[in-house]
Amino acid sequence: MLAFTIRRLLASIPVLFFSTLLVFLIVASSIDPLSPLRARNPPIPQKTIQAEANRLGLNHPLLQRYWDWLTGLILHGNWGTSVSPSYNIGQRLSSSFLVTFRLVILSILLSLILAIAVGVLTAVRQYSRLDYAATSVGFLFLSLPTFVFAILLKSWAIQFNQSVRPNGPPLIATLFESSPNPPTDFFGKIGDTVGHLVLPTIVLSLVSYASWSRFQRSSMLEVLNSDYVRLARAKGLSRTRVLFRHALRNALIPLSTQVALDTAGLLGGAVITETIFEWHGMGYMFIQAIGNYDLYPLLAWLVVASSLVIVFNLLADLLYAVLDPRIRLA
Amino acid sequence: MPEKNIDSAPDIAATLGTEFGQYARAADGDREFTVTVRTQRQIVVSRFLKHRAAVVSSVVFLLVVLFAFIGPLLWGQQYSIMTNDIEVAPSGTHPFGTDSNGYDLFADVMHGAARTLEIAVSVAVASTVIGTIYGAIAGYYRGWVDTVMMRFADLILTIPALVFAIIVSDKFSANIASAWYFLAFILAALFWPICARIVRAQVLSLREKEFVEAARALGGRDGRIIFRHIVPNCMGSIIVVLTLTVANTVLVETALSFLGFGVRLPDTSLGTLVSSGQTAIQDGFPWLFYFPALFIILIVLSINFIGDGLRDAFDPQQTRVRA
């Protein structure tokens, strides 16, 4: 297992390298941090633009810029220079990441619980009314764009707040990741954070729930029709025991890798959700950087995103190997 | 058991393909039941027609397509022309109401749906064609060709599509203002690896089949073997991927347009319409949000059901056919 882990770990280093190269080449050639300066009216002196280009290190050829950026990042932990001098990319990245991470993790947990429960239930009662109902709901969520769902929930919550407490503070938080003046005591703070998490978490978890429950249903069905489950029943083991000990444990293997693969993709959904609920997480950082033609924060963002994809791919491989010994030995 | 046999006999013949003749003879031999010989296409069509949700969805999808492309020719009002009716609720003259500029939402939604569908279909076709060729070549030649090609495909998949499309589209929007085909090009460039992966996996197993060996023994060139013999046998998965890419593209394109990075004014897509109607529910003009949102859901939902039906029709093993 250790050899397997090390082999996979080493194999993902070149992928990460080429991924950063690809990202750098495309992003650096499509985002020009100087364009807001050039577009100023009245025009600003060429010297100022030149100085800014020097400060951002834009005067070198693209490949050299990549090398400088990469070595700066690896050797000194330096994410590069933002267009606004007071912007510290590393700090901003970690604070934004924490905000988004708690949303994403909570959504994954919630949607996993839902998906497994529904997947198992619909597989056990295949072609029942429950199965058809759950399938229809699943298809609906599969087809519901994240932003439509988020806007719907937000609007409903606002209307609900207005009807319940027309003049008081809103009952359900619809904006931001925490109140402008959060309570200072520990429990108040936690309560405030959780209250703000409710709506975005529902959005993000239901969006990924749909495909996972379908996935869980089909893998559960496959396992339920296998010989060893029939054997376990024939041995006289109880139905519940067979269901949970023999069937479910094996049926969870495909889902675990699927979840690992989808987790990184949730970041895209988080951008939309955060935009609608006006959170100050990764989504806001990204949209703001795009608006300012701020090259290096964008690169930092993409490096984090594509590293996440690679790490979760690796995790999926390892998880599969841990759960299914046949993979490890092959 | 015998009933099941009758039903599954042509299925087996269809999945085995080359051994069809052999099977028909065996069935003829013991005379226990008769098998009507059906072509593979007939089998797939009849299985698809049994999937009720897929059939209904096909009709719905067709109606949406007619609404989007034929509708504007019949409807008197243009999406780009303001009327004097400001923020009017849905009525006879404006079935979907109007917005704060007096634009007729019915015409807006027709145009937006057409734009969304145009982008989705062109992205799906382009990415599927590229992905099929790419995946077929990688799977057929195996070895280092496969490794290099698929590692590159994986590399593209490490980049979040939505985010990436935002970055790239931002630059070019200044040059080619509101050109939807550029957006389609970007999305196709990001989506093809998904199809490539699936086709490659199929080609890897198909290339070991006897009919490929036979084609090679007859002196078929690689190109002919790949595109005449192997790829037609992957058609099932390719069509399923194609439909699901349409659904996926609608979601990504509308999300991009919603965020302001996809289709932009003066052009309209369903995403921009939802975006301009996003506070409409609490402002008291709910139709501005509900109608465009409804059409996005209608399009994606019907395509998802069609895709599900096609998957069942082409590959009954994956999800067993409904009785």
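How many residues does the contact take from chain A, and how many from chain B?

Analyst: Happy to! A word on the model and its labels comes before the contact. This is a predicted model, in which local features need pLDDT of at least 70 and side-chain atom pairs count only at pLDDT 80 or more, while totals for chains, interfaces and linings use all residues. Residues are numbered from 1 along each chain as its sequence is written, and chains are lettered from A and ligands numbered from 1 in the order in which they are written.

The contact takes 37 residues from chain A and 31 residues from chain B; two residues are in contact if their C-beta atoms, placed from the backbone, lie within 7 Å. On the side of chain A that touches chain B, two or more residues come from each of helices H1 (2-30), H6 (129-143), H7 (146-164), H10 (239-276), H11 (282-291) and H12 (295-323) of chain A. Here helices (H or I, at least four residues) and strands (E, at least two) are DSSP runs, numbered from the N terminus. H1(A) gives the most to this side, with 8 residues. By type, this side of chain A has 26 nonpolar residues, 11 polar and no charged, where Ala, Val, Leu, Ile, Met, Phe, Trp, Tyr, Cys and Pro count as nonpolar, Asp, Glu, Lys and Arg as charged, and the others, Gly among them, as polar.

Now for the chain behind that surface. Chain A has 13 helices and 0 strands, and its C-alpha atoms fill a box of roughly 85 × 60 × 40 Å along the principal axes. Of its 330 residues, 31% are buried; buried means that 20 or more other C-beta atoms lie within 10 Å of a residue's own, exposed means 12 or fewer, and partly exposed is in between, with C-beta atoms placed from the backbone. Among contacts in chain A between residues at least 6 apart in sequence, 73% join residues at least 24 apart.

The largest nonpolar core has members from both chains: of its 148 residues, Leu298(A), Leu299(A), Leu302(A), Ala165(B) and Leu187(B) touch the most other members. A nonpolar core is a set of buried Ala, Val, Leu, Ile, Met, Phe, Trp, Tyr and Cys residues joined through C-beta atoms within 7 Å. H6(B) supplies the largest share of this core, 17 residues. Leaving aside residues up to four places away in sequence, Leu302(A) touches Val23(A) and Val27(A) as well as Ile159(B) and Val163(B). Another core, of 7 residues, lies apart from the largest one, and includes Val120(A), Ala123(A), Leu243(A) and Ala251(A).

Two loops of chain A are worth a look too. Glu278(A) sits in the loop between H10 and H11 of chain A, and Tyr293(A) in the loop between H11 and H12 of chain A. Neither is glycine, yet phi is positive, near 50°, for Glu278(A) and near 50° for Tyr293(A). Glu278(A) counts as partly exposed because 13 other C-beta atoms lie within 10 Å. Tyr293(A) is partly exposed as well, with 18 C-beta neighbours inside 10 Å.

Over in chain B, H4(B) (residues 52-69) buries Ala54(B), Ser57(B), Phe61(B), Val64(B) and Ala68(B). They cover an arc of only 80° around the axis, which puts them on the same side of H4(B); the arc is that of the directions from the helix axis to the C-beta atoms. These buried residues pack against helices H3 (40-50), H5 (71-74), H6 (105-141) and H15 (287-314) of chain B.
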